[in-house]
Amino acid sequence: MRASKPAAAREPATQAALAIDRLDVRYGRARAVQQASLLLERGTLAIVGRNGMGKTSLCNAVTGMVPSSGSIRLFGEEIRGLPPHRIARRGVAYVPQGRRVWRSLTVDEHLRLAHRFRRGEWTPDGIYELFPRLKQRRHNGGTQLSGGEQQMLAIGRALLLDPSLLLMDEPTEGLAPIIVEQLAATLRSLAARTEMAILLVEQNLRFAVDVADSVAVMVNGCVVRTMPAAALAADRALQQQLMGVHAQGVGS
Amino acid sequence: MPVTGIQAGRSGERAGVSPDMPARGAGAAATPLALVLETLSVGFGGLQVLDGVSMTIRPAERHAVFGPNGAGKTTLFNLIGGDLMPGGGRILFFDMDVTRLPPHARVRLGMRRTYQSSMLFPELSVLENLLIAVRGVRPGRFGLGRIRPGDVDVAAAETLLRNVRLTDVAAQTVATLSHGQQRQLEIGMALAGTPRLILLDEPAAGLSAAERRDLGELLTALPRSTAFLLIEHDLEIALQVADRVSVMHGGRVMRQGTPDEIMNDAEVQAIYLGGGSKEAGGHAR
Amino acid sequence: MKWPRHRDRAILAATPLVVVAAWACHHDTRLFVAATLNGVTLAALYFLVASGFALIFGLMRNVNLAHGSLYLLGAYVGYTVGDQTGSWYLGVVAGALGAAVLGVVLQVSVFRFMPGQELRQALVTVAISVVLADLMMWVWGADIYQLDPPEWMYGSSVLPIVQHYPTYRLILLVLAVAVGGGLWLLLNRTRIGMMIRAGVDDRMMLAATGVNMQFVFAVTFAIGAGLAGFAGVIGGSALSISPGEDTRYLLASLIVVVVGGLGSVAGTAVGALLIGLSEQYGLAYAPTYGVLFTFLIMVATLFYRPQGIFGGR
Amino acid sequence: MDSTRSTPAAGWPLLALHPGLMLAALAIYPMLANDFFILQIGGQTLMLGLIALSLMLLAGYGGMVTLSQMTVAGISAYMVALLGDSHGGASLGWPWWLAIPAAIMVAVIAAAFIGALSAKTEGIYTIMITLAVGVAVFYLVLQNRVIFNGFQGLSHVRPPVVLGVDWRTPVAFYYLALACAVAGYYFVWRLRRTAFGLALQGIRDNPRRMSALGYDVIRHRIAAHAMAGAIAGVGGVLLAWYNTFVSPATVGVDAMINVLLVAVIGGIRHPLGAFLGAAVFVLLQSFAIDLIGSQRFRLLIGLIFLSTVLFSQDGLLGLWAQCRRWWVSVAGRRPFLISSSELPDR
Amino acid sequence: QQELKVGLVASLEGAFAVLGQDAVRGAELALKERGGVAGGKKIVFVRGSSDASPASAVNATRKLVEQDKVALMIGPLSGSEGVAVKDYAKTQPAVTFIDGSSGGQETTLVNPSPNFFRFNLDGAQVMAPLGPYAFEQGSKRVMVIAEDYAFPYSQVQGFMSGFCKAGGKVPRKAWIPIGTKDFSSVIASIPNDVDSLLVVLAGADAVNFIKQYDQAGGSKKVIGGSVMVDQTVLSYRGRFRSNLVGTLSSGWTADALETPAWEKFVADYRASSKEAFTAPSYFAFAYYNAVKATLNALDQVGGDLSDGQAKFRKVLAATQLQSPVGLITLDHNRQAVGPAFITKIVQRPDGKLVSSVVKAVPKIDQHLNMSKAEFDKMGIGSRDVPACP
Ligand SMILES: Nc1ncnc2c1ncn2[C@@H]1O[C@H](COP(=O)(O)OP(=O)(O)OP(=O)(O)O)[C@@H](O)[C@H]1O
Ligand SMILES: Nc1ncnc2c1ncn2[C@@H]1O[C@H](COP(=O)(O)OP(=O)(O)OP(=O)(O)O)[C@@H](O)[C@H]1O
Ligand SMILES: [Mg+2]
Ligand SMILES: [Mg+2]
């Protein structure tokens, strides 16, 4: 199954992991994403922005779940318009907003299903090690899990696909602080050790700044600004201006 | 400060205090306690999810519940709200035993809740969602009179709309809202009427930083007559609004105390809060 | 969890049943045993038909009301092939294949475009069954067909108490058990069963893990429809094949699956037993209002267990 | 169920059918048509539409797709026949002013009972439990000969002569049916904006949340069934008078499913759909044989039905709304694009 | 040439669709025999279709009468439709109704309508000769297995009226709910002390019964209802068919009737359409008779339908119809009095099963050749009427 992944993905390629160019997403007559452009070479890019600005729509467009126009290139290859399973087979994994675990599958089945291709370093046991809580609940159905457990499961499911691009839409929602910390560390080490690129949508600014190399800000469906994470972390005025975060914003 | 009533059930921790003592103590004659939980327990299959949880909430108390994922917080809310029936124990709401009442009866007594995953009416507009929430606790639910703009109920719904900052999308169907907007609406629906107790299950989850700030203000600004129980992993918000904090772990109440006490508790830090520094979870894999 | 709590009620309901059964047994042992055996074997036929329906309905949440048409089509095709070639076995294979092919066509050309819209799917399939019924009438007319099974299945076997009993009905029982076992394995022990369940819950997410769920669904549909066709030939060898059988078996499948509970092989089996037995006891002991009871049983079951006997959320 | 959920309600303003105009057209219709068109097309459409309307109330607003609406109507029809005047069974011969309200009352009670039986079920289970109730009633009237006269049913059910009018003459019957239909339509249409209607729609979308907002879901469902039962009951009385007999076939499975077909063909989300569907159904039933001859005309009906549900999410009304939307977007494409890119801040 | 519209209603939808189509063939055959002309007018059929439910039959009839303005109506096909159409006929005194093939006893016996005519025997009439004959042939105790509605009631009544009188006993009747396919429990409940079974089932149900009875090792003599030994059943290929040979029955016609009139009718029928059955069904036969009688009467009055069709009706009521099976006349209720045939299934040398005539009874009236008083004492057939356990 490895062959289905473009060779370019593994070599230290010159191609950017993800290049989005003038992307539009429409629901009926409303435009959720308008002419958004984004470049993720390697490492981690965080997208932040207020509610309803089009972050999820952007992710859904990348994974092929909603139709879009414009251009989305994955390691140089155009993937816009492909069906979701094709895109997934090219190495894109998704941790969706709202978790979307399968209600009638147990934890174990989730992981086994995702580990179908048996590639990469992750195994279900590895996931259980990362989230011990899941191991205790391994025979429970998807909707019998607590919110946080579902979130862990969604993350585990994505990691098992051994993606070359990992999309995470608010992965920390509902996770206890200690798990959030742990997740941050895992993501950082993943990004550092492997070729995997991460696109992270996040409301938790502290987490975003902590994990990402650079941060893009979305306003009304457009990416209005991309900057190094450190710069955003340091500049409270900027935070205030872009996201309406005031006084006690995040500092490093 | 005396122990207001957080006892781990059978475990024997703080064994000196019997579960219902504080509820029925000397003060009972004056104002009844908002909520008394007596050794609640519930299990699914072989798993004991709640194991003798007792707790009391005074009227107007703002109480935060912390706990690691899967500790049983949402399950506790489901018991209080009536979505689940307990395997054992009692629930008193302003001195009234509501343990076996269906959810709608509890709501009419002044209890309101939000859900961790939004539970909305996707085909109706935002305003209609709120209108339903407003009407739910007023008589005339079977009313066949036409609802017109300008009715008191509509006005009340519009006020809620402003409070949760959804005026712009008032006429939109809920199915077309973004996740965060739905979370805002979820909160709005719990604020309808004049509840005596609100159960908030991770209200800040999915909200952006700016909306979180608004939420904090909204909660602080609630009339003091309203008590609430708040599950929240966003410590900033929780600490901003809470008077007292309980920490649940493995289906039991492990600690309770003032926010400061809890934040400095070593055990709580170990199981829930983490070190707060980047190195804390570094060896995860 | 659920059973113990209902135990008292179950005992309360079971006592009069046992008393009545004892009386019936005492009154005319042969009739009682024969009716019971008939009920069980009829249940086997119902199970065979309903299993395909349960698979499609239970797993894909696709309310395929054209299931009866698939049954009838399988029966007609099986009859035609069996008649032409003289081989009953070939007829069985052809019937199952014919229905499976139609099933795949339906899935790929129609149901694919309306995922999760239960009511709409139900209505589309009603319409399709109307069309198919007329088309089949066009091709095969209104004649009554019946396919004769091979010599060794025909005739009767000697059993205690009832004396002669049709061999073919006993074979029905064996087939039902085999199909039930196979289905259970498919659903619970294979990856495809897992994928189907996941796809029903959230197919977009399944696609996002790299599964081509259209393919998965098509395969499921093929299996479900193939089972309908298979049951058509088997049932067409036990009873007759004629227009109108489609709705009869559709109704039977619906009742069986709904009473038993969605997507559970055990539930389907229990539902089939309940319906098969009540139908035959009704015929034997209370022909006038017996039919009524079958439906009252169904109403009562759904009232006490809105998700069917084995259904759970 | 789901398909009732998938069309945004926003489509309706596009319907530019003026109610006053339509009412006027319906009122003068008998002056332009012959007896056959007045009674069998007009009268039957209104009557059948009324029964479908009761289903629309339950399914469109409440999300409860029931098959038993024809059963409820049939019960009311059997009751007017039994309580009033008829041949064959055990009819009591009560005066009309007693028999009719009593018949409708019985229908309401029966409907409420069905509602109570099915209130805890959802989706396909509701369909099935109501189907089972319906079939049980069918077999009851079929197998019972003493009261219901079995297979043959009750005959000579005729409306009373009141105010010197024979209500079975085509024009009188038509106006009677029209009055009932308009009243029913207005009631259901208006219901959408009432507290009860809103609650019903909430229950359709999320019953669990409704309960957590203080609504007693079961009671609301039962009340909805009772209301729909009253509408279907009136339809049933008309039905008995129209046919002048009731027999088990009146409440048979085909008849039960036909009501669903009518409501769906028209569009189950708007009260107008029930009547539109009924009109199409009655016209097809009467004239399909002239169009296509006798041989393959089930095929025609099947294909028409198939294409309606296949191409429209919401019956003919949905198709109509789709056309309007398409027309608007073609005619006004430019301006919309420009304005949408200049949308105000969200 | 003037046109005369004649309405023709048959069940072209639902379970009876195929029978309805054959009925139409019969009607058209009768018209074709006269070159489409009667009484100097060109006869045009306007068709209507029902789904065999009374409501749909009335709707179809009403459309033809009120919208298409036909002068004469022919139809409908089945029993309960007939009753409903008869009631409708009372509201349309200007139109004459000629029954198609419906065989309900009540239609013409109870509250007959003066403008409603029927040229075929009802279900009881046609079975009446069989009872005494079966008794003679050694059936002394008979169990009845029949479907639970009006038509089988009257068939059983027809059989039992003579059978009981002759001294036979019917200790048990099993009324089977309509639509039953699996008879195995009914078969299990057959008492040992009966010597024969009277089976009044139609089409597929009959086939299923016989096959299951065979498989269960049953060996009692089977007597069939009129529709039991139809060609739909006989032409069916399967192992059990040999068991049918020797089955007694009674019907309106018989396949192997060897009269010239019948043979000509069969030949004409088969030549009339590519899709025709090997032999005309009862429905084709009944519609043929109805149309033929109508056209005859039209000829006699020279197409004169004036005066509320009074003259036409008078002639029609006095019809002496030479049908393919013999003379049919009408009684004072405008109900047919005509021949019936006791038949027995035989196997022809080519292997086909046909019903051969054992005995022809030339004339049976609606009181089953009893006096009115005697008939009224027995009453209309039902589950419990008549009884001789
Ligand atoms: N219906 C159920 N069946 C089986 N187990 C369940 C069910 N509901 C909840 N549980 C289990 O009970 C435990 C407590 O769940 P609960 O939702 O109360 O946790 P929580 O404290 O709210 O966690 P989180 O912070 O992640 O939301 C979890 O481990 C969960 O898997
Ligand atoms: N299915 C839909 N139909 C119509 N409009 C939609 C739909 N989904 C989203 N929208 C609209 O598109 C806009 C962007 O939504 P999106 O979910 O992408 O926002 P988001 O940035 O992810 O917000 P959040 O932080 O709240 O998750 C919102 O205004 C929303 O109302
Ligand atoms: Mg989002
Ligand atoms: Mg929780």
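Student: Which residues do ring pairs link into a cluster in chain C?
Tutor: Ring pairs join C:Tyr76, C:Tyr79, C:Trp140 and C:Tyr145. Rings of Phe, Tyr and Trp (its six-membered ring) pair if their centres lie within 6.5 Å. By the way, this is a predicted model, where local features need pLDDT of at least 70, side-chain atom pairs count only at pLDDT 80 or more, and totals for chains, interfaces and linings use all residues. Side-chain values use heavy atoms, without hydrogens and water, residues are numbered from 1 along each chain as its sequence is written, and chains are lettered from A and ligands numbered from 1 in the order in which they are written.

Student: How many aromatic pairs are there over all chains?
Tutor: There are 36. Take D:Phe138 and D:Tyr139: their ring centres are 5.2 Å apart and the planes sit at 65°, so this pair is edge-to-face (planes over 60 degrees apart; under 30 is stacked, the rest tilted).

Student: Is D:Phe138 buried or exposed?
Tutor: D:Phe138 is buried, at 17% relative accessible area, and D:Tyr139 is buried too, at 13%. Buried means under 20% relative accessible area, exposed over 50%, partly exposed in between (1.4 Å probe, protein chains only).

Student: Why is the pair of E:Phe209 and E:Tyr213 stacked?
Tutor: Their planes are at 10°, with the centres 5.8 Å apart, so the pair counts as stacked. Both residues lie in helix α9 (residues 203–215) of chain E, four residues apart, about one turn of the helix. Helices are DSSP runs (H or I, at least four residues), numbered from the N terminus.

Student: New topic: what lies over the face of A:Trp102?
Tutor: That's A:Arg157, 4.6 Å from the ring centre. A charge sits over a ring if NZ of Lys or CZ of Arg is within 6 Å of the ring centre and within 35 degrees of the ring normal.

Notes:
Helices (H or I, at least four residues) and strands (E, at least two) are DSSP runs, numbered from the N terminus.
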